[in-house]
Amino acid sequence: MHMTIYDISEKAGVSIATVSRVLNGSSSVSEKTKQKVLDVINQCEYTPNAFARGLGLNTMKTIGVMCADSSDLYLAKAIYYIEQKLRVNGYDSILCCTGYDLESKKSCMNLLITKKVDGIILVGSNFVYDKDTENRYILDAAAQVPVMLLNAALEAPNVYSILSDDFSSVYEATLQLIQAGVEDILYFTNSTSYSSKKKMAGYRNAMESQKLLKSGNLIQFYQGSHEDIHAMAEHLTKIYQKGLRFHGIIASDDCLAMGAVRFALNAGLSIPEDLCIIGYNNSLLVHCCEPEMSSIDNKLETLCQHLIVTLMGVLSGNEMPKQTVFSGEVIHRGTTLACSHDCQK
């Protein structure tokens with residue numbers, strides 16, 4: 001018989017949080033309620049590994065961490081913050097780099113479950129899909145251990161989402177450029193992830209609110225390697241040579257923004273006089289070009305800190321918020337210097 005924490009909750013007539021408290025040995029549960037939960041488990045004559053660890057207070061003190069690509073600057077930094085904060089709380093981690101294929105993600109999830117981890121953290125927004133059937137692997141895992149989503153959201157039992165408000169951040173950045181007089185703004189992206197869709201929607205809404213999205217060509221999708229800055233620049237060069245003109249670029253990450261800087265140099269455009277550029281993530285790349293790059297700070301360390309606090313609360317049997325959203329901030333540097341004073345009014 002396959003039994004989940006939800007089955008126990010339903011049969012015992014108590015909340016999932018109460019079951020979690022019992023399994024983690026919390027003293028805040030009355031003896032009567034505790035016995036009711038234990039009786040249900042015993043009657044079913046089956047105790048899953050996760051429950052056995054809780055009942056014996058013998059957890060592995062290990063958290064599974066999944067990311068699509070640890071060479072990605074944003075994901076690598078997130079993993080660093082998460083592992084540091086887990087260690088402070090007495091937990092080790094097992095890292096799986098899944099790639100972007102769904103079957104690979106499912107395989108890694110199953111691997112972590114068999115390793116009897118106490119929880120699973122999905123780093124980045126590439127793990128959540130539009131179709132419910134494709135998110136089934138997350139729900140199945142959450143039936144056994146808490147699943148934490150960094151910068152993505154999924155409403156489901158035992159799934160907790162901590163994310164940055166990507167929509168509002170890009171919406172605000174776009175409006176700031178428009179208010180500074182830059183109206184022909186190109187949006188440059190390379191992903192269709194949960195986060196990327198929110199960013200694109202923010203750009204689109206801001207442009208449409210000012211009736212400025214007159215050409216679908218102002219949204220450009222780059223399909224090459226996220227490490228190939230020259231290929232990104234070449235993509236922009238080709239559309240520029242075909243006659244598309246723009247005086248602003250908002251990129252969905254700093255790597256793409258670096259490609260935009262390279263494009264401007266190749267095209268003989270002055271930054272920011274001829275072209276304003278805003279990246280996303282406020283990574284170390286912002287200091288690697290001249291002028292230094294404006295970028296949206298999505299408060300990554302704060303997100304990771306809150307994710308670990310939430311996870312530790314869940315593992316302790318406490319009621320924790322299912323979704324927490326933080327606001328980002330546009331940091332103006334040299335690539336928007338000419339309009340930064342107007343932007344900040």
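Good morning. I begin with the crossing of H8 and H9, which is right-handed. Please keep in mind throughout that this is a predicted model.

The two helices concerned are H8, residues 166-179, and H9, residues 194-209. Their axes come within 7 Å of each other and cross at roughly 35°. On the H8 side, the contact is made by Asp166, Phe167, Val170, Tyr171, Thr174, Leu175 and Ile178. H9 contributes residues including Ser195, Lys198, Lys199, Ala201, Gly202, Tyr203 and Met207. Sorted by class, the contact of H8 with H9 comprises 9 nonpolar, 5 polar and 3 charged residues.

I turn now to the sheet. In what order do the strands of the open sheet run? The order is S2-S1-S3-S4-S5-S11, with 6 strands and parallel pairing. At the edges lie S2, residues 92-97, and S11, residues 323-326, each of which pairs on one side only. From one strand to the next, the twist averages 15°.

Within this sheet, I would draw attention to one pair. Strand S1, residues 62-67, and strand S3, residues 119-123, are joined in the parallel sense over 5 bridges. Valine 65 stands opposite isoleucine 121 of S3.

Finally, which helix packs on the sheet and touches S1, S2, S3 and S4? That helix is H5, residues 73-88, and the S4 strand it touches spans 147-150. The direction of H5 makes about 155° with that of S3.

To summarise, I have described a right-handed crossing of H8 and H9, an open sheet of 6 strands with parallel pairing, and helix H5 packed on that sheet. Thank you.

How values were computed
Residues are numbered from 1 along each chain as its sequence is written. This is a predicted model: local features need pLDDT of at least 70, side-chain atom pairs count only at pLDDT 80 or more; totals for chains, interfaces and linings use all residues. Side-chain values use heavy atoms; hydrogens and water are left out. Axes are lines fitted to C-alpha atoms, for helices over the stretch in contact, and angles run from 0 to 180 degrees between N-to-C directions. Helices (H or I, at least four residues) and strands (E, at least two) are DSSP runs, numbered from the N terminus. A crossing is left-handed if the near helix is turned anticlockwise from the far one by less than a right angle, and right-handed if clockwise. Contact means heavy atoms within 4.5 Å. Ala, Val, Leu, Ile, Met, Phe, Trp, Tyr, Cys and Pro count as nonpolar, Asp, Glu, Lys and Arg as charged, and the others, Gly among them, as polar. Two strands pair if DSSP finds at least two bridges between them.
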